[in-house]
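Subject: Structure for you to look at

Hello,

Here is the structure I said I would pass on. Please open it beside this email and follow along; my notes come after it.

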Amino acid sequence: MLRAVPRTPLRRLLPAPPAHPETPARLRYPGSPRPPRAMAGPPGLKPLVAVAQVTSTPDKELNFAACAGLVREAARRDACLVFLPEGFDYIGSDAAQTLSLAEGLDGDLMGRYAELARDCGVWLSLGGFHERGRDWPTTQRIYNCHVLLDPAGRLVAAYRKTHLCDVELEGRVTMKESSFTNPGTEIVAPVSTPAGKLGLSVCYDLRFPEISLALRRAGAEILTYPSAFTIPTGSAHWEVLLRARAIESQCYVVAAAQTGKNHERRTSYGHALVVDPWGAVVAQCREGPGLCYAEIDLDYLHRIRREIPVHGHRRPDLYGTVAAVGLAPAP
């Protein structure tokens, strides 16, 4: 896998292409022009984020051990915020098993992650927790819940996936998340973290630019899409959608991912990555579980927004305003 720059006093991501596959950073595609140096952020101390790629199975204990190991590794590298993917807790082999393994936010597993956040002194983006909500006794359905914990282990935000993945690719992929999952009913306001203002989504939400634009309007600087993409959809759509969301919102986009064989009937695409507001992939995992790292340069982000002020050029008089119910626009 590719990792971002080695730790240095400046923690700077260099704009030059990497000299070796294991050296980090600001990646370019063969034959593509280098972004102009004027777009590069100034040197200085910048927050480091870690993005996990894991292979969850129905075994919750093994999954926790693997994820906790990655969180502790990221903390040793001085990451302030660690992103885990959708299904970090488990991926069940069928709907019945998925429902049987689910817990509430006040259950044992979330308590262990809160303790892990405290022990490591990091923020945790827990990207798709199988949540038994308060309506479990009546609905017998769960929520796909993106939980954000602070370094004290406090739950500071919980976003429940609003777009459920019901797709059928003939002969390849069949998924009907709505058969056992309740859709969320609200978009959550961006949360201030040491890396920037974080807007929460989950996986299939990536296909709906409206949510990213609503979060951008509400002040988001980082959009996160923890995911468990399948191989057919991932190989075709994963990177191009993530880069599009970054370019149109002028936000960093962080996407933790499932990879490899989760059980006998499911294999995930992987390729966890970070995209900067210019649309460049600045960190990416390849095969297998692990981490990639990226620095979040908010000076760079705001420079892009000043130089290409897309947000101010929108024409609500022609096509309306994309806004989330209950979220005020950022000043």
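**The largest pocket**

The largest pocket has a volume of about 930 Å³. On a 1 Å grid over the protein atoms alone, a pocket is an open set of points with protein on both sides within 12 Å along at least five of seven lines, whereas a cavity is a set of points where a 1.4 Å probe fits but cannot get out. Grid points are joined across faces, edges and corners, and the volume is the space filled by probe spheres set on the points.

Please keep in mind that this is a predicted model, in which local features need pLDDT of at least 70 and side-chain atom pairs count only at pLDDT 80 or more, while totals for chains, interfaces and linings use all residues. Residues are numbered from 1 along each chain as its sequence is written, and side-chain values use heavy atoms, with hydrogens and water left out.

The largest pocket is lined by 39 residues, and the closest to its centre are Ile91, Thr174, Met175, Phe180 and Arg266. A lining residue has an atom within 4 Å of a point. By class, the lining has 16 nonpolar, 14 polar and nine charged residues. Here Ala, Val, Leu, Ile, Met, Phe, Trp, Tyr, Cys and Pro count as nonpolar, Asp, Glu, Lys and Arg as charged, and the others, Gly among them, as polar.

Which element gives the most to the lining of the largest pocket? Strand S7 (173–176) is one of those that supply at least two residues, and S7 gives the most, with four residues. The others that supply at least two are helix H2 (95–101), strand S3 (123–131), strand S4 (143–149), helix H6 (231–249) and strand S13 (266–269). Helices (H or I, at least four residues) and strands (E, at least two) are DSSP runs, numbered from the N terminus.

**Aromatic rings**

A search of the whole structure finds five aromatic pairs. The rings of Tyr204 and Phe208 have their centres 5.4 Å apart and their planes at 75°, so this pair is edge-to-face. The rule is that rings of Phe, Tyr and Trp (its six-membered ring) pair if their centres lie within 6.5 Å; planes under 30 degrees apart count as stacked, over 60 as edge-to-face and the rest as tilted. Tyr204 counts as buried at 16% relative accessibility, and Phe208 counts as partly exposed at 25%. Buried means under 20% relative accessible area, exposed over 50%, and partly exposed in between (1.4 Å probe, protein chains only).

Phe64, Phe88, Tyr113 and Phe129 form one aromatic cluster. Phe129 is found in strand S3 and is buried, with a relative accessible area of 1%. Phe129 and Tyr143 are 14 residues apart in sequence and 7.8 Å apart in space, C-alpha to C-alpha.

Tyr143 also has a charge over its ring: the charged end of Arg160 sits there, 5.9 Å from the ring centre. The charged end of Arg77 sits over the ring of Tyr293, 4.2 Å from its centre. A charge sits over a ring if NZ of Lys or CZ of Arg is within 6 Å of the ring centre and within 35 degrees of the ring normal.

**Cysteines and backbone**

How many disulfides does the rule give? The count comes to zero, a disulfide being a pair of cysteine sulfur atoms within 2.5 Å. Cys80 is buried, with a relative accessible area of 17%, and Cys120 counts as buried at 17%.

Most residues other than glycine have a negative phi. Cys203 has a positive phi, near 40°. Cys203 is in the loop between strand S9 (196–200) and helix H5 (209–217) and is buried, at 8%. Gln250 has a positive phi of about 55° although it is not a glycine. Gln250 lies in the loop between H6 and strand S11 (252–255) and is buried, at 4%.

Leu81, in strand S2 (residues 81–84), counts as buried at 0% relative accessibility. The C-alpha atoms of Leu81 and Val51 are 30 residues apart along the chain and separated by 8.6 Å.

Asp297, in the loop between strand S16 (290–295) and helix H7 (298–307), is buried, at 8%.

Asn262 lies in strand S12 (residues 257–263) and counts as buried at 2%.

Regards
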